[in-house]
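The structure is shown first.

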Amino acid sequence: MQRRTLACPVAPLSPRAPRRSARRSSAAALLGAALSALSMLLAPGSALADPVADRAEREGARPPAAGTALFSAGVDLEIAGRTLSYSDLLSDNLRTYEVLGVPMPSLRGELYPFARSAVPVLRDLGVELSYARALGLDSEGAGGAGVSTSWSRLHAGLRGRYRLAGQDGPVLFASGGLRWTDFDIESTGDPSRDAASVSYVALRVGVDGRLPVGPVALEAGGGVQAPLSMGALASHFRAPSAGGVDLRVAVAAPFAPGLEARAGASYARFFYDFDSEPEDTYIAGGALDQLFSVHLGVAYHGE
């Protein structure tokens, strides 16, 4: 019996070898392209390289978004002064008053509780509060003796904002509230000196704006004050009436996300009108009370 052996069919398999090689080459090419694209995306400066750092870098390069912030808080050191003078002064029992270079730390804050609301008007309506108090202030009494003197300022009210050109554009603010300015000289028994004490409780309405200019922002504003009470000065005269105005300017420069350094100046003046008669103890046609300061500080705008 003859035995037969079956040959292995090698020839029909030979055409498949190049096909496998081609598939391996295509897969390698696709893998290489994918790795190349991934390396480009993860390269420094790309959008996916470090989204947190990239966002911080972008935010740090522009002024904080005061026009959309949920809250703002700041601290300043003011160097303040005051002058009081009289017009048409006919009696010699009144003195002018002047003090300069008074250190006056101040705190201020704004809160927009509905800033994340979808209601356009409601999200830009907030409250504001500020407080300042002078340090180490004395007035000159009789014989040059020092007289304890206090000077403080408190403001509380509503504040609204309106963006003129998007989040990073100019912003207009309107505000209304109560402002209390107290300048109290300890009683010396000398009315000519004690008359310089005032305590203004005034209704204030104001407008101000913030204009981004390159890497900084410029601010300017003003207000009108209608005193409800005036303190000791007014009590020395017949039928006193008074009004007030205030102005401020500032420049803000960001130095970290949400943080900015600030420098500026403020000025307020209260003008009096008296209906004095010749028989009055104190005779003057009016008075001008000026309060002013320059300040440096920092502020934070929180999202």
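## Pockets, cavity and core

Arg95, Thr96, Tyr97, Ser139, Glu140, Gly141, Val147, Ile185, Thr188, Ser192, Arg193 and Ala196 line the second largest pocket. On a 1 Å grid over the protein atoms alone, a pocket is an open set of points with protein on both sides within 12 Å along at least five of seven lines, a cavity is a set of points where a 1.4 Å probe fits but cannot get out, and lining residues have an atom within 4 Å of a point. The model is predicted: local features need pLDDT of at least 70, side-chain atom pairs count only at pLDDT 80 or more, and totals for chains, interfaces and linings use all residues. Residues are numbered from 1 along each chain as its sequence is written, and side-chain values use heavy atoms, with hydrogens and water left out.

Strand 4 (138–140) and helix 3 (191–194) each supply at least two residues of the lining of the second largest pocket. Helices (H or I, at least four residues) and strands (E, at least two) are DSSP runs, numbered from the N terminus.

The whole structure holds 1 cavity of 30 Å³ or more. Of the 50 residues lining the largest cavity, Arg108, Ser130, Arg153, Arg179 and Arg248 are the closest to its centre. Strand 10 gives the most to this lining, with 7 residues. A volume is the space filled by probe spheres set on the points, which are joined across faces, edges and corners. In the class counts, Ala, Val, Leu, Ile, Met, Phe, Trp, Tyr, Cys and Pro are nonpolar, Asp, Glu, Lys and Arg are charged, and the others, Gly among them, are polar.

| Space | Volume | Lining residues by class |
|---|---|---|
| Largest cavity | About 1000 Å³ | 18 nonpolar, 16 polar, 16 charged |
| Second largest pocket | About 180 Å³ | 4 nonpolar, 5 polar, 3 charged |

The largest nonpolar core has 30 residues, of which Tyr86, Trp151, Phe183, Leu233, Phe237 and Tyr272 touch the most other members. Such a core is a set of buried Ala, Val, Leu, Ile, Met, Phe, Trp, Tyr and Cys residues joined through side-chain atoms within 4.5 Å; buried means under 20% relative accessible area (1.4 Å probe, protein chains only). Strand 2 gives the most to this core, with 4 residues.

Strand 2 also pairs with strand 3 (residues 125–133) in the antiparallel sense over 6 bridges, and pairing requires at least two DSSP bridges. Gly109 stands opposite Leu129 in strand 3. Strand 3 is joined to strand 5 by 9 bridges, again antiparallel, with Val127 opposite Leu158 in strand 5.

Terms used: Buried means under 20% relative accessible area, exposed over 50%, partly exposed in between (1.4 Å probe, protein chains only).
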